[in-house]
Amino acid sequence: MVAPSLARSAKPHVAELLQRLVRYDTTNPPGNERECAAYCRDVLTDAGIAAELVGDDPNRVNVVSRLSGRGDAPPLLLYGHLDVVPTAAQAWDVPPFEGRLQDGYIWGRGALDMKGGVAMMMDAFMRAHLDGADLPGDVILALVSDEEAGGNTGAAWLVRERPELFDGVRYAMGEFGGFSKTYRGRKFYMAQVAEKQGCRVQATARGPGGHGSLVHHDTAPTRMAQFLVKLDKKPLPFHVHPVTRMMIEAIGARLPRLEGAFLQLLLNPRWTGRILRRMGPAGRELEPLFRHTANATIINGGEKANVIPSEVAVNLDCRMLPGYDAEDLLGELQDIAGPNIELEAVNFQPKPWILNLGLFDTLASIISEQDPESVSVPMLMPAGTDGRHFATLGIQTYGWMPMNLPADFDFLKTIHAANERVPVSALEFGAEALYRLLLRFHE
Ligand SMILES: [Zn+2]
């Protein structure tokens, strides 16, 4: 176990810290987070805080550090990932690993996802130590590897091999949320409280094989093609998930009355599809929160150009709403597929569905202190994060990296894309919000 040392030193500015983090190319694969992790440890050590590197792959270590609190609240976990997604085949206006400061933004891969969040967390963590803040409970900082490819050397490894590091933790701050989104002139801060669960489904079509010179109907390839076309045309059934309901109600309450009432119609499954279509691009963004999704990603079949294959297999990347299991999804898919397609969930491990909103009001009050005209909204995340690993320890993650973004800045379109960047003012906003949280988190 690490203990804070007594020596107190200084910390870099949050923007400078992010610039340094961006300069480590931690593209995953392969990740190679070791040097970036060692840098983070050294920054913490220079601020007088002990930190250790843990992990079983020397190139892919994780940083763990801890500040002591007075024990009135369970320990709070701050975690972020150091790896980033590839930049290949993207047209960047600036070199993605230069860490350039230009026009008030830090540019580079990871600026938003999520080295920016890591910089904010480190800033708040070090500030609490340097100020000698009276923390309600211990605060644990974990900077992990491999989030973008499953967390095998990072969060998944930590919860499996070192769960004692997180003893007693109930709440964690991580990604993916906290950013502001301006909709119809109103500003909303999205706090992720739940995420969808990934599930790979293998779909197999079988049919008579034969020679490519003859006439064939109803073959394995055409059966599979029919299924994929049906899946494209007909959405899986709509479900109003409790978190989606909270999210829509919170947004609707803030809009003018008619617009709010229109949005609330989404919560009636008979209307959901029609309203989503009417909403255009905003509806497409919301649709995954109302149903499971299934997209064909890998197609296998046929080995020889003149032989009709008797089997075609397709991998479906499926994302289920929290709380459902693979059987629910397979049933819905089978209704669309009909009897000619076999469906099987591959390596699905159900993740516990927890929802503990005990800290939500505290987060919302911090945001409204810093941005009084805004409102905080609980959010369901359409994809997965490391939150699913920590959930196996009973830990509720809030995706909360607060960022007050300009109205025309599209967060979702900027992550994983060319020209990823973050305003310096948003980094300062988030570091301040996290610091305030460290002073007042509770049971
Ligand atoms: Zn991320």
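Strand E4 and strand E5 (residues 105-107) run antiparallel and are joined by two bridges; strands count as paired if DSSP finds at least two bridges between them. Helices (H or I, at least four residues) and strands (E, at least two) are DSSP runs, numbered from the N terminus. The model is a predicted one, in which local features need pLDDT of at least 70 and side-chain atom pairs count only at pLDDT 80 or more, while totals for chains, interfaces and linings use all residues. Residues are numbered from 1 along each chain as its sequence is written, and side-chain values use heavy atoms, with hydrogens and water left out.

Strands of a sheet pair through backbone hydrogen bonds, either parallel or antiparallel.

Contact here means heavy atoms within 4.5 Å. Axes are lines fitted to C-alpha atoms, for helices over the stretch in contact, and angles run from 0 to 180 degrees between N-to-C directions.

H1 and H14 also pack on each other. Their axes come within 9 Å and cross at roughly 110°, so H1 and H14 are roughly perpendicular to each other. Angles under 35 degrees count as roughly parallel, over 145 as roughly antiparallel, 65 to 115 as roughly perpendicular and the rest as oblique. The crossing of H1 with H14 is right-handed; a crossing is right-handed if the near helix is turned clockwise from the far one by less than a right angle, and left-handed if anticlockwise. Val14, Ala15 and Leu18 of H1 make the contact with Val424, Leu427, Glu428 and Ala431 of H14. By class, the residues of the H1-H14 contact comprise six nonpolar, no polar and one charged. In this division, Ala, Val, Leu, Ile, Met, Phe, Trp, Tyr, Cys and Pro count as nonpolar, Asp, Glu, Lys and Arg as charged, and the others, Gly among them, as polar.

Helix H1 has a further helix contact, with H2. The two helices pack at an angle of about 155°, their axes being 10 Å apart, which makes H1 roughly antiparallel to H2. Leu17, Arg20 and Leu21 of H1 meet Cys36, Tyr39, Cys40 and Val43 of H2. Six nonpolar, no polar and one charged residues make up the contact of H1 with H2.

H2 in turn packs against H3. Helix H2 (residues 34-46) and helix H3 (residues 115-130) lie with their axes 11 Å apart at an angle of about 20°, and are therefore roughly parallel to each other. The crossing of H2 and H3 is right-handed. The contact involves Cys36, Cys40, Val43 and Leu44 of H2, together with Lys115, Met122, Phe125 and Met126 of H3. The H2-H3 contact contains seven nonpolar, no polar and one charged residues.

Elsewhere, strand E9 (residues 186-195) pairs with E16 in the parallel sense over seven bridges. Phenylalanine 188 has valine 375 in E16 as its bridge partner. Six of the seven residues of strand E16 (residues 375-381) are buried, so E16 is largely enclosed by the rest of the structure. Buried means under 20% relative accessible area, exposed over 50%, and partly exposed in between (1.4 Å probe, protein chains only).

Most residues other than glycine have a negative phi, and most peptide bonds are trans. The peptide bond from aspartate 113 to methionine 114 is cis, with omega near -15°, and methionine 114 is placed in the loop between E5 and H3. A cis peptide bond also runs from glutamate 175 to phenylalanine 176, with omega near 25°; phenylalanine 176 sits in the loop between strand E7 (171-174) and strand E8 (180-183). Aspartate 146, in the loop between strand E6 (139-144) and helix H4 (155-161), has a positive phi near 65° and is buried, with a relative accessible area of 3%. Arginine 184, in the loop between E8 and E9, has a positive phi of about 50° but is exposed, with a relative accessible area of 53%.
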